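Hello,

Here is the structure I promised to pass on to you.

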Amino acid sequence: MIYLPQDFPALQSLRAEGLAATAYAMGGPCSLPPAIPQGAKRVLLLNLMPHKAVTDLDIARTLAQTGEDVCLLLMKIAGQTYKTTPMAYVDAFYRDFECYAAAAATYDGLIITGAPVEQIPFEDVRYWEALCRIIDWADRAVRSTLYVCWGAQAGLYHLYGVPKYALPEKRFGIFAQTVRLASPLMEGLSPAFPMPNSRHTEVRAADILRHPSLRILADSPESGVGVVASADHRRVFIVGHLEYEPLTLDKEYRRDLSRQLPIHQPEHYYRHDNPEAGVDFVWQAAAVRFYGNWLRHP
């Protein structure tokens, strides 16, 4: 069962898909949801993606499919405005980070998403200092933080000084990740699992392996580093987008074509490598298994 804010658009979408989802009341502008059933996990989501309702649904769907009881709490950075998501949506369903930090509550997880800022130096991102404060707080107050795509690069840079590097062209498609180390996070994913990637930058193994507390759990000869975790699993970094629904890369590809941007079709994605033949949704089981592993294992 997943618990979501009352009137949250994703709530009805998940129910229509046959997934178990129930509502909690949002309350006042800085209130937390009421008590949830014993054993349900409180998971915070800091969604930095431009189309927030889309990413909210992707994450909520993946968490719901794990079969775990999860209360999803949506977090925002105070003072930020958005061009591609109505502020009414954000104000209705998100609470400022400071509200969660001040509450007498414990949190089982925090997910920090990617963001369309990967080609900007970290320190030039307008909310960089605020994001660093959240990352530092999470180390004290959250059981495990999952950093996704640019979020993974940001976390590795802030916590370990791992740099990012520009790629000669966009890494775009579905790439098999080989499991390199046994870990609770990798249970059921060996010997390899597919993962969507859509990014212009990368982190490199040599920089990560300089830190004895970090482990590369999965990687790919085509797409490079895939999943990294601290030895205690309190910090987990995934450079791809296991949460993506089937047509996300297709929409991105067609959007960039329509804008006459330099783009090649996503690799290992379309049936017979033909955009008109449909998509092979080969990463769904891996997504559910990975997120379930993350929720279940300390």
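This is a predicted model: local features need pLDDT of at least 70, side-chain atom pairs count only at pLDDT 80 or more; totals for chains, interfaces and linings use all residues.

**The core**

The largest nonpolar core has 102 residues, and the members that touch the most others are Ile111, Trp150, Met186, Phe193, Leu242 and Phe290. Helix 5, residues 128–141, is the biggest contributor to this core, giving eight residues.

Leaving out residues up to four places away in sequence, Trp150 touches Leu48, Gly114, Ala115, Val117, Glu118, Phe122, Val125, Tyr127, Trp128, Leu131 and Lys164.

Tyr160 belongs to helix 6, which covers residues 150–160. Its relative accessibility is 13%, and Tyr160 therefore counts as buried, the cut-off being under 20%. Beyond its neighbours up to four places away in sequence, Tyr160 touches Gly155, His211, Ser213, Leu214, Ser230, Arg235 and Phe237. With His211 the sequence separation is 51 residues, while the C-alpha atoms are 7.6 Å apart. Just after helix 6 comes Gly161, with a positive phi of about 75°.

Tyr147 sits in strand 7, residues 142–148, and is buried at 1% relative accessibility.

**Val227**

Have a look at strand 11 too (residues 224–230), where you will find Val227. Val227 has a relative accessible area of 0% and is buried. Setting aside neighbours within four places in sequence, its contacts are Met186, Phe193, Arg215, Ile216, Leu217, Ala218, Phe237, Ile238 and Phe290. Val227 and Leu217 are 10 residues apart along the sequence and 5.4 Å apart from C-alpha to C-alpha.

**Helix 1**

Helix 1 runs over residues 9–16, and its buried residues are Ala10, Leu11 and Leu14. Viewed down the helix axis, these fall within an arc of 105°, so they line one face of helix 1. They pack against strand 1 (2–5), strand 2 (21–24) and helix 2 (52–65). Gln12 and Ala16, on the other side of helix 1, are exposed. Just past the end of helix 1, Gly18 has a positive phi of about 85°.

**The largest pocket**

The volume of the largest pocket is about 1300 Å³. It is lined by 43 residues, and those closest to its centre are Met49, Pro50, His51, Pro116 and Arg255. Helix 2, strand 4 (70–76), strand 9 (192–202) and helix 8 (248–258) are the elements that each give two or more residues to the lining. Helix 8 supplies the largest share, with five residues. By type, the lining splits into 17 nonpolar, 12 polar and 14 charged residues.

**Backbone details**

As a reminder, most residues other than glycine have a negative phi, and most peptide bonds are trans.

- Ser190 and Pro191 are joined by a cis peptide bond, with omega about 0°. Pro191 is in the loop between strand 8 (165–179) and strand 9.
- Asp7 is not a glycine, yet has a positive phi of about 70°. Asp7 lies in the loop between strand 1 and helix 1, and its relative accessibility of 63% makes it count as exposed.
- Asp273, again not a glycine, has a positive phi of about 55°. Its place is the loop between helix 8 and helix 9 (284–296).

Methods: Residues are numbered from 1 along each chain as its sequence is written. Side-chain values use heavy atoms; hydrogens and water are left out. A nonpolar core is a set of buried Ala, Val, Leu, Ile, Met, Phe, Trp, Tyr and Cys residues joined through side-chain atoms within 4.5 Å. Buried means under 20% relative accessible area, exposed over 50%, partly exposed in between (1.4 Å probe, protein chains only). Helices (H or I, at least four residues) and strands (E, at least two) are DSSP runs, numbered from the N terminus. Contact means heavy atoms within 4.5 Å. The arc is that of the directions from the helix axis to the C-beta atoms. On a 1 Å grid over the protein atoms alone, a cavity is a set of points where a 1.4 Å probe fits but cannot get out, and a pocket is an open set with protein on both sides within 12 Å along at least five of seven lines; lining residues have an atom within 4 Å of a point. Grid points are joined across faces, edges and corners, and a volume is the space filled by probe spheres set on the points. Ala, Val, Leu, Ile, Met, Phe, Trp, Tyr, Cys and Pro count as nonpolar, Asp, Glu, Lys and Arg as charged, and the others, Gly among them, as polar.
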